[in-house]
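Please take a look at the model below and keep it in view as you read. We will walk through it together, one part at a time.

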Amino acid sequence: MSGLAIRTFLTMLVVIDPVGLVPMFLALAGGRPAAEQRRIALRAILIAAAILVSFGIGGSWLLGRLEISLDAFRIAGGLLLFRIAVQMVFASYERGTKAEKDEALLRQDISVFPLAIPIIAGPGAIASLMILIGESRAYPLGFVLVLAMTGIVLMLGHLALIVSEPLGRLLGRTGINVVTRVLGILLAALAVQYVADGVRGLFS
């Protein structure tokens, strides 16, 4: 159980990347009053949590309906995560297109789009959560443990958003880039492991 807890925490920490949320949040909400920033941050995290829980609960049912095995989903998720990891390492990682960001700046409420999805609860986070929940079936209360660890990471993301301005000043652009690149390398290794496990499962 402890191994599953640590693996879930580290996986979701790398994929959601709370520190990496800081520059994007500042770009979208940095010019708003502090009280409004806090409201946006809380709403975005709660909506992202609802999205992830929904996929966590109904993801297996959906895969079953589509006749997709967990091993096939592992391979697909691993390839997707590897693409994101490469972008993170080479500092070209964007959790939304420029058009999406421009549209978000014109909207009054940016907490749902693009903050909650795809910035926080993006494809990588959804794929990782569904894979971890599939693995959790081998453990008693594994499902609850995976959701709990994901919740802790989301709380860290909320904290990062709340302190985004001082954290951004403290780390600077260089510091944020360093953290993002290190997490990208870890995510690449995790993605390769997902693909290897999926291939082994399909052909075993």
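First, a word on the source. This is a predicted model, in which local features need pLDDT of at least 70, side-chain atom pairs count only at pLDDT 80 or more, and totals for chains, interfaces and linings use all residues. Residues are numbered from 1 along each chain as its sequence is written, and side-chain values use heavy atoms, with hydrogens and water left out.

Let us begin with the core. The largest nonpolar core has 50 residues, and I16, L115, I120 and L187 touch the most other members. A nonpolar core here is a set of buried Ala, Val, Leu, Ile, Met, Phe, Trp, Tyr and Cys residues joined through side-chain atoms within 4.5 Å. Buried means under 20% relative accessible area, exposed over 50%, and partly exposed in between, using a 1.4 Å probe and protein chains only. Which elements give two or more residues to this core? They are α1 (2-16), α2 (18-29), α3 (34-65), α4 (70-89), α6 (111-120), α7 (123-136), α8 (142-162) and α9 (164-203). Helices (H or I, at least four residues) and strands (E, at least two) are DSSP runs, numbered from the N terminus.

Now for the way helices pack. Two packed helices are described by the angle between their axes and the distance between the axes. The axes are lines fitted to C-alpha atoms, for helices over the stretch in contact, and angles run from 0 to 180 degrees between N-to-C directions.

Start with α1 and α9, whose axes come within 9 Å and cross at roughly 125°. That angle makes α1 oblique to α9, since angles under 35 degrees count as roughly parallel, over 145 as roughly antiparallel, 65 to 115 as roughly perpendicular and the rest as oblique. Their crossing is left-handed, meaning that the near helix is turned anticlockwise from the far one by less than a right angle, while clockwise would be right-handed. On the α1 side, T11, V14 and V15 meet L183, L186, L187, L190 and Y194 of α9; contact means heavy atoms within 4.5 Å. These residues divide into 7 nonpolar, 1 polar and no charged. In this count Ala, Val, Leu, Ile, Met, Phe, Trp, Tyr, Cys and Pro are nonpolar, Asp, Glu, Lys and Arg charged, and the others, Gly among them, polar.

Next come α3 and α6, which pack at about 50° with axes 9 Å apart, so α3 is oblique to α6. Here the crossing is right-handed. The residues of this contact include I40 and I51 of α3 and L115 and I120 of α6, and by class there are 11 nonpolar, 1 polar and 1 charged.

The pair α4 and α7 has an angle of about 145° and axes 9 Å apart, and its crossing is left-handed. Among the residues in contact are F73 and R74 of α4 and A127 and E135 of α7. The classes here are 9 nonpolar, 4 polar and 2 charged.

S136 sits in helix α7 and is buried at 3% relative accessible area; beyond residues up to four places away in sequence, S136 touches L4, G142, F143 and V146. P18, in helix α2, is also buried, at 8% relative accessibility. Leaving aside neighbours within four places, P18 is in contact with L13, V153, L156, G157 and A160.
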